[in-house]
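My plan was to take the chains one at a time and then see how they meet.

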Amino acid sequence: MKRVVAVNGSPKSAESTSGALIKTLEEYIGIKINSFRAVELVRREDAHKVIADVLKADVLLIVFPLYVDSLPAPLVKLLKQIEQAAKTCSSSLPTVYSICNCGFYEAEHNSLALKMTRTFAKRIGAGYGYGLGIGCGGVLAQMEKGPVDNVYAALRDMGDTIMAENSKESEDAFITPKMPRFLYKMGGNIGWRQMARKNAVLKQIKEKPHSL
Amino acid sequence: MKILILCDRESGTESGFNLRLRVEEVLKQVGCEVQTIVLNSDEIKPCIGCFGCWVRTPGLCVITNDCANDISRVFMRSDAVVLLTRITYGGFTPDLKAFLDRSIPNILPYFEIYRSKMHHRMRYDRFPWWIAVGYGESLESELEIFRELSERNALNLRPQKHFCLTAKSADECQDVLQALKRIFTEEVGA
């Protein structure tokens, strides 16, 4: 039985899309995925012990939201710590897979972030499977079926690859829920306005506090 | 020209070359007003993705017990920002990234299509020049990612001008200094 460990790179404390993606994948492959939140792990005093254990897994899954075109800062920090630990690791390293989701419509926005996790694997001398970039990440929490079916299918594909006996390194995959872009954009913009109105700051939403 | 240098903690000691200090010197030589902020990711709280900076306190991060909003103020009031970072897997170091993650209040939540892809709309009429300087021993693939990242950042932040410079060694750091000199001599002279 393969041992799969996940690093959740979302700095959100609860209900992150990354956390939900790990859970979905766990249910699909039918084995327990031990999951750690990057933001917590980097602060833990026993981080080196946990990381040493992570490095003994068969598969390391890195799941995170896109932050400013790349990885959230705490995740970069954790990857650096893992890189350090890998230098003294005598056992064979886990194969790395990654999933990055963004709030933009096009999944390709995630491409550089996925290249970075692939580079991380190269740097530590671990094998790499592939990365999955997901667009419209925010809608995954609101929908389970319909337009997002293709996203879940892509997730199942990754689950199958992870569980396969001999997985090879392959190109990153990109998937956006099946909905028109204008609709997603319109819905998103209405959503921002609604949230601002709820907080009674709709009139101030375009404020420029740092203007001279 | 008012220049803000944002740098990571290692930028003063790279292979015995004080890149931070040398960049400061060069920019001052060509007549720029320079302010340097050494970023420390242990002192900048991580962005928690709450979107409060867009829908609760527009333009300001809701986390107020660290320096991120103050740095944003200096950032947005500068003509150019020079980001000195060790290239890390092709991206920024945690020191730099911790602040960049917290700088999204400086753009708007609203989506728009820009150059055929979805991006956020701009909050301010102008965004300072973006000059990403990546140093350290990097793989070719990392340099390539770093250059692409600079282009991508420019599409999302729309600075009036943007540049990307990289240096793998102390010698190449000299080239970076020359390039910075050229960029700013032309501008200050204009």
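Here are my notes, in the order I looked things up.

**Before starting.** I reminded myself that this is a predicted model.

**Chain A, the sheet.** I looked up the strand order and found an open sheet of 6 strands, β2-β1-β3-β4-β5-β6 of chain A, paired in parallel. I then asked myself which strands stand at the edges of this sheet. They are β2 (33-37) and β6 (173-175) of chain A; each has a single partner strand, so one side of each has no neighbour in the sheet. From one strand to the next, the twist averages 15 degrees.

I zoomed in on one pairing. Strand β1 (residues 4-8) of chain A runs parallel to β2(A), and 5 bridges join them. Here I noted Asn8(A), whose bridge partner in β2(A) is Arg37(A).

**Chain A, the helices.** Helix α1 (residues 17-29) of chain A lies across β1, β2, β3 (59-65), β4 (95-101) and β5 (128-134) of that chain, at about 145 degrees to β3(A). I also checked α5(A), which lies across β3, β4, β5 and β6 of chain A and runs at about 160 degrees to β5(A).

**Chain B, the sheet.** In chain B I found an open sheet of 5 strands with parallel pairing, in the order β2-β1-β3-β6-β7. Its edges are β2 (33-38) and β7 (162-167) of chain B, each left without a neighbour on one side because each has a single partner strand. Neighbouring strands of this sheet are turned by 15 degrees against each other on average, direction ignored.

Strand β1 (residues 2-7) of chain B pairs with β2(B) over 6 bridges, in the parallel sense. Ile5(B) has Thr36(B) as its bridge partner in β2(B).

**Chain B, the helices.** Helix α3 (residues 68-76) of chain B lies across β1, β2, β3 (80-86) and β6 (129-135) of chain B, at about 140 degrees to β1(B). Helix α4 (residues 94-101) of chain B lies across β1, β3 and β6 of chain B, running at about 140 degrees to β3(B).

**Where the chains meet.** I saw that 51 residues of chain A contact 56 residues of chain B. The two chains bury about 4,900 Å² between them, with 64% of it on carbon and sulfur atoms. How many salt bridges did I find between chain A and chain B? There are 3, and one of them joins Lys115(A) to Glu148(B), with the closest N and O atoms 3.1 Å apart. I also noted 27 residue pairs in polar contact between the chains.

On the side of chain A that touches chain B, α4 (73-87), α5 (111-124) and α7 (181-198) of chain A each supply at least two residues. α7(A) gives the most, with 9 residues. By type, the residues of this side of chain A are 24 nonpolar, 11 polar and 16 charged.

How values were computed. Residues numbered from 1 in each chain as written. Chains lettered and ligands numbered in written order. Predicted model: local features only at pLDDT ≥ 70, side-chain atom pairs only at ≥ 80, totals over all residues. Heavy atoms only, no water. Pairing = 2+ DSSP bridges. Helix = DSSP H or I, 4+ residues; strand = E, 2+ residues; numbered from the N terminus. Axes fitted to C-alpha atoms, helices over the stretch in contact; angles between N-to-C directions. Contact = heavy atoms within 4.5 Å. Buried area = accessible area lost by both parts, 1.4 Å probe. Salt bridge = Lys/Arg side-chain N within 4 Å of Asp/Glu carboxyl O. Polar contact = N/O pair within 3.5 Å; in protein donor to acceptor, adjacent residues only side chain to side chain. Nonpolar A, V, L, I, M, F, W, Y, C, P; charged D, E, K, R; others polar.
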